[in-house]
Amino acid sequence: MQSADAKLSQSSLQLALRRYSSVVRDMEQTILLPSLLRDVPYDEAADCEAADNSMDLYEYYLMLKAIKNTVESGLIPHDDAKAKSQAALHKGLEPLLEAQPEALFHFHLRGLFTVMATLAKKSQNLTEKYLDIIGVSH
Amino acid sequence: MMQICDSYNQKNSLFNATNRFIGAVNNMDQTVMVPSLLRDVPLDQEEEKEVNTFQDGDMYGSYVLLKSIRNDIEWGVLQADERRKDKHGVTPSLEMSCIEPNDEDLEKLFHFHLTGLHTVLSKLTRKANTLTNRYKKEIGIGGCGN
């Protein structure tokens, strides 16, 4: 029973967001020379298709930091292009907002949980990769 | 560290949207001492103008729904899924696919879900406040005087 409760409280939304923030802060504090991440491919084992489009570690690092800032401080990014491209997506879901807000809520909540967990893991991987680059054992 | 505390106070953050929603539902929960009074109370004339909102329910249905969503935020998705499976025997139709999104999609997905969640929560916060006020009207408090 205790472990089930722990599992539940671990998955609460605010904890998930805080965990992500904390992992990224750890990454920022570890990576003192972010420029070392330039031109380092994210995943050496990536298949050819992914490799063409993937960001290098430095771009990844910036993205993870930007997401942390969004989570902590502001909701709406000041990127009009991004907002426009998503406007159509949200518009498509509008009927659901009216008729089944619960379903839409769960869709976004689950989605956000999944994304935050994945991003947190990737932040940790990136931090470890940096430590590899500078030759620190971890 | 202070910086983070300040930024949590910023109006638009998801933390604040979540807290506002939870606060509104807690307020509703504490005000509505006799939930059964909400049964068969039709949704407001004003509310019906918001197209089809909670169309099939009465105020009691809205009340239960809002509390359930508050619990989902506080206790997480795992429990919510378990409860829905018990109730319906199936997982919801909007189930996320198990395909791992690629790296660039992750950022887009993050913004999509964050904005979507914010929109739903804002709407539901208004619902909770409206319901609380409606209840007070029903039982004759907070109106033009008892």
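What follows is my notebook, entry by entry.

**Ground rules.** I am working from a predicted model, where local features need pLDDT of at least 70, side-chain atom pairs count only at pLDDT 80 or more, and totals for chains, interfaces and linings use all residues. Residues are numbered from 1 along each chain as its sequence is written, chains are lettered from A and ligands numbered from 1 in the order written, and side-chain values use heavy atoms, with hydrogens and water left out.

**Chain B, overview.** I looked up the secondary structure and found 6 helices and 0 strands in chain B; helices are DSSP runs of H or I with at least four residues, strands are E runs of at least two, and numbering starts at the N terminus. Of the 146 residues in chain B, 42% are buried, meaning under 20% relative accessible area with a 1.4 Å probe, protein chains only. I also checked contacts (heavy atoms within 4.5 Å): among those in chain B between residues at least 6 apart in sequence, 70% join residues at least 24 apart.

**The core.** Which residues touch the most other members of the largest nonpolar core? They are A:Leu13, A:Leu126, B:Leu14 and B:Phe21, out of 63 residues. Such a core is a set of buried Ala, Val, Leu, Ile, Met, Phe, Trp, Tyr and Cys residues joined through side-chain atoms within 4.5 Å. Helices of both chains each supply at least two residues, including α2 (13–30) of chain A and α2 (14–31) of chain B. I noted that α6(A) gives the most, with 12 residues. Then I picked out B:Phe21: beyond its neighbours within four places in sequence, its contacts include B:Leu66, B:Ile69 and B:Leu121.

**Aromatic pairs.** A:Tyr58 and A:Tyr61 are stacked because their centres are 6.4 Å apart and their planes at 25 degrees. Both lie in helix α4 of chain A, 3 residues apart, about one turn of the helix. A:Phe107 and B:Phe112 are edge-to-face, at 6.0 Å centre to centre and 70 degrees between the planes. This pair joins two chains, because A:Phe107 lies in α6 of chain A and B:Phe112 in α6 of chain B. Both of these Phe residues, A:Phe107 and B:Phe112, are buried.

**Charges over rings.** My rule here was NZ of Lys or CZ of Arg within 6 Å of the ring centre and within 35 degrees of the ring normal. A:Arg38 lies over the face of A:Tyr58, 4.1 Å from the ring centre. In chain B, B:Arg39 lies over the face of B:Tyr60, at 4.0 Å from the ring centre.

Notes. Buried means under 20% relative accessible area, exposed over 50%, partly exposed in between (1.4 Å probe, protein chains only). Rings of Phe, Tyr and Trp (its six-membered ring) pair if their centres lie within 6.5 Å; planes under 30 degrees apart count as stacked, over 60 as edge-to-face and the rest as tilted.
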